[in-house]
Amino acid sequence: MFETIIKILFKSIIEYKKPESRSFAEIYASYLEENGESPAETSALPPVHEPAMVILPEDHPFCPSVLERRALCPGSYWMEMDLPDVRTEAGMYGLHYHGLIATAIKNSISESTSHLSWQDERLVKKCCKFYRKVVGPDEQWVEVERRVRFMEGEEELYNGTTDIIACRQDGSIVVIDWKTGIYELDSVQDNLQMKAYVLAIMQEFSVKSVSVYIYYPNLNKRSQFTFNNESELETEIRGIITSSKSEGSQLTPGGNQCFFCRAKAYNKCPEYVGY
Ligand code: SF4
């Protein structure tokens with residue numbers, strides 16, 4: 001009996017494996033496996049840029065992708081000022097896929113995609129198919145990775161880069177935003193990033209209505225809304241900018257706003273409590 005217990009204990013010690021932290025590539029591969037993709041092919045993930053956290057040129061302090069943070073934590077405007085932008089490993093995956101999709105849409109997939117890994121090809125083709133579905137068989141024009149600006153006279157209040165702006169044959173304007181991660185965000189009508197793109201497009205293209213789609217190729221999901229409320233959007237976004245710039249704007253920590261905050265990344269925020 002004693003000998004058996006010793007043997008079991010010894011075996012457990014030998015077989016014990018320390019839990020490993022997993023990279024985004026590994027999490028993504030597991031996700032594909034769980035969703036019925038071939039495990040053998042998941043090893044063909046695209047290369048990850050090193051280091052995992054990369055410093056990029058600065059975005060505008062009120063670019064659409066940071067507006068939610070400004071709305072939730074107005075003081076983040078001051079805290080992030082002068083800190084270089086950072087991108088995580090997951091962010092680099094997003095850039096990688098956005099580049100591939102942009103190239104494919106520009107070329108209308110006329111070029112072969114056989115040089116791509118199977119994951120890249122699958123994702124690119126899904127996005128191109130989605131694009132055709134919402135824009136129609138032909139468009140008047142399309143702009144890929146287009147920077148839009150919201151101006152007050154000569155002053156640029158913010159700018160940001162849209163994934164797709166297209167004009168359908170009937171003259172209606174469509175914006176598509178690719179979300180290549182595996183988490184769903186706010187619906188389009190509640191999404192500040194989309195609202196900010198729309199406001200800038202309404203001003204720059206002199207249109208009153210913009211239809212926006214967020215497409216999640218990895219989740220087979222989409223969210224859609226048509227905005228016709230320019231003055232409401234302007235009031236909301238100007239309000240966020242004004243309260244952020246005011247002296248003594250509040251620091252309000254929280255999961256959504258702190259996660260990608262540069263003040264957190266550089267350990268500069270006195271209010272950050274861990275998210
Ligand atoms: S870390 Fe959080 S609390 Fe601090 S500035 Fe950033 S968003 Fe605000």
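Start with Glu234, which is partly exposed, because 16 other C-beta atoms lie within 10 Å. A residue would need 20 or more of those to be called buried, and 12 or fewer to be called exposed. Please keep in mind that this is a predicted model.

Glu234 sits in helix α8. Along the chain Glu234 is 39 residues from Lys195, yet the C-alpha atoms of the two are separated by 9.1 Å.

Now the helix itself. α8 covers residues 230-245, which is 16 residues, and at 1.5 Å a residue that should span 22 Å.

Which residues of α8 are buried? They are Leu233, Ile237, Ile240, Ile241 and Ser244. Viewed down the axis of α8, these buried residues fall within an arc of 95 degrees, so they line one face of the helix.

On the face turned away from the buried side, α8 carries the exposed residues Ser231, Glu232, Thr235, Gly239 and Thr242.

Next, the ligand. It is surrounded by 15 residues, and the closest are Cys73, Pro253, Cys258, Cys261 and Cys269. By class, that shell has nine nonpolar, three polar and three charged residues. Three helices, α4 (76-80), α9 (255-259) and α10 (262-265), each supply at least two residues of the shell.

One more residue, His60. His60 is in the loop between β1 (54-56) and α3 (67-72). His60 has 16 C-beta neighbours inside 10 Å, so it counts as partly exposed. Leaving out neighbours within four places in sequence, the contacts of His60 are Tyr158, Asn159 and Gly160. From His60 to Asn159 the C-alpha distance is 6.5 Å, across 99 residues of sequence.

To finish, the protein as a whole. The secondary structure comes to ten helices and seven strands. Of the 275 residues, 29% are buried. Among contacts with a separation of 6 or more, 67% are between residues 24 or more positions apart.

Note on methods: Residues numbered from 1 in each chain as written. Predicted model: local features only at pLDDT ≥ 70, side-chain atom pairs only at ≥ 80, totals over all residues. Near = placed C-beta within 6 Å. Helix = DSSP H or I, 4+ residues; strand = E, 2+ residues; numbered from the N terminus. Nonpolar A, V, L, I, M, F, W, Y, C, P; charged D, E, K, R; others polar. Contact = placed C-beta atoms within 7 Å. Expected span 1.5 Å × (residues − 1). Arc of directions from axis to C-beta.
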